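Here are some notes for a colleague going through this model.

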Amino acid sequence: MRRRKNSHKSRDLALQRMERLFLLAEEEHRSHPERSRRYVEIARRISTRTRVRMPFTLKKLYCRHCGSYLSPEGSRVRLRDGVLITTCIHCQGKMRRPYKPRREQENERAGE
């Protein structure tokens, strides 16, 4: 069986490249949406080939259905019963993620 060399270095490098590609996708989204979609595709491929999990902060920035970058112009966000629903404008795909709504008691304590 083949051993991996410097697994920590390759993992860090993969994470840095994924973050950089998402920054580029954000910059290019308005002027070149296809280019931003390609950057997301490359970042996903890096994640799968290096077997490094994509951070949650980056995962929520692309559509799981069509792979496009989800900018505020390219998505719709709704909150409903403890679920955050993000709808992609391009393919109408919906991604649902749980969230904890703020409790009224915590808001009152913060105000005191």
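1. Terms. Helices here are DSSP runs of H or I with at least four residues, and they are numbered from the N terminus. The model is a predicted one.

2. Overall layout. The chain contains 4 helices and 3 strands. Read from the N terminus, the order is α-α-α-β-β-β-α. The chain has 112 residues, of which 30% count as buried. Among contacts with a separation of 6 or more, 41% join residues 24 or more positions apart.

3. How do α1 and α2 run relative to each other? Their axes come within 8 Å and cross at roughly 170°. Angles over 145 degrees count as roughly antiparallel, so α1 is roughly antiparallel to α2. On the α1 side the contact is made by residues including Ala-14, Arg-17, Met-18, Leu-21, Phe-22 and Ala-25. On the α2 side the residues include Pro-33, Ser-36, Tyr-39, Val-40, Ala-43, Ile-46 and Thr-50.

4. Nonpolar core. The largest nonpolar core has 15 residues. Met-18, Phe-22, Val-40, Ala-43 and Met-54 have the most contacts inside this core. The elements that give two or more residues to the core are α1 (7–28) and α2 (33–50). The largest share, 6 residues, comes from α1. In soluble globular proteins, nonpolar side chains tend to be buried together.

5. Phe-22. Which residues does Phe-22 touch, leaving out those up to four places away in sequence? They are Val-40, Ala-43, Met-54, Leu-58, Leu-61, Tyr-62 and Tyr-69. Of these, Val-40, Ala-43 and Met-54 are also named among the core residues with the most contacts.

6. Length of α2. The helix has 18 residues and, at 1.5 Å a residue, should span 26 Å.

7. Faces of α2. The buried residues of α2 are Ser-36, Tyr-39, Val-40, Ala-43, Ile-46 and Ser-47. Seen down the helix axis, the buried residues of α2 fall within an arc of 115°, so they line one face. An α-helix has 3.6 residues a turn, so residues three or four places apart point the same way. What covers the buried residues of α2 includes α1. The face turned away from the buried side carries the exposed residues Glu-34, Thr-48 and Arg-49.

8. Ser-36. Not counting residues up to four places away in sequence, Ser-36 touches Ala-25, Glu-28, His-29 and Tyr-69. Tyr-69 is also among the residues that Phe-22 touches.

9. Cys-91. Where is Cys-91 found? The residue lies in the loop between β2 (83–88) and β3 (94–98). Its relative accessibility is 33%, so Cys-91 counts as partly exposed. Leaving aside neighbours within four places in sequence, Cys-91 is in contact with Cys-63, His-65 and Cys-66. Cys-63 and Cys-91 are 28 residues apart along the chain, and their C-alpha atoms are separated by 8.8 Å.

Methods:
Residues are numbered from 1 along each chain as its sequence is written. This is a predicted model: local features need pLDDT of at least 70, side-chain atom pairs count only at pLDDT 80 or more; totals for chains, interfaces and linings use all residues. Side-chain values use heavy atoms; hydrogens and water are left out. A nonpolar core is a set of buried Ala, Val, Leu, Ile, Met, Phe, Trp, Tyr and Cys residues joined through side-chain atoms within 4.5 Å. Buried means under 20% relative accessible area, exposed over 50%, partly exposed in between (1.4 Å probe, protein chains only). Contact means heavy atoms within 4.5 Å. The expected span of a helix is 1.5 Å times one less than its number of residues. The arc is that of the directions from the helix axis to the C-beta atoms. Axes are lines fitted to C-alpha atoms, for helices over the stretch in contact, and angles run from 0 to 180 degrees between N-to-C directions. Angles under 35 degrees count as roughly parallel, over 145 as roughly antiparallel, 65 to 115 as roughly perpendicular and the rest as oblique.
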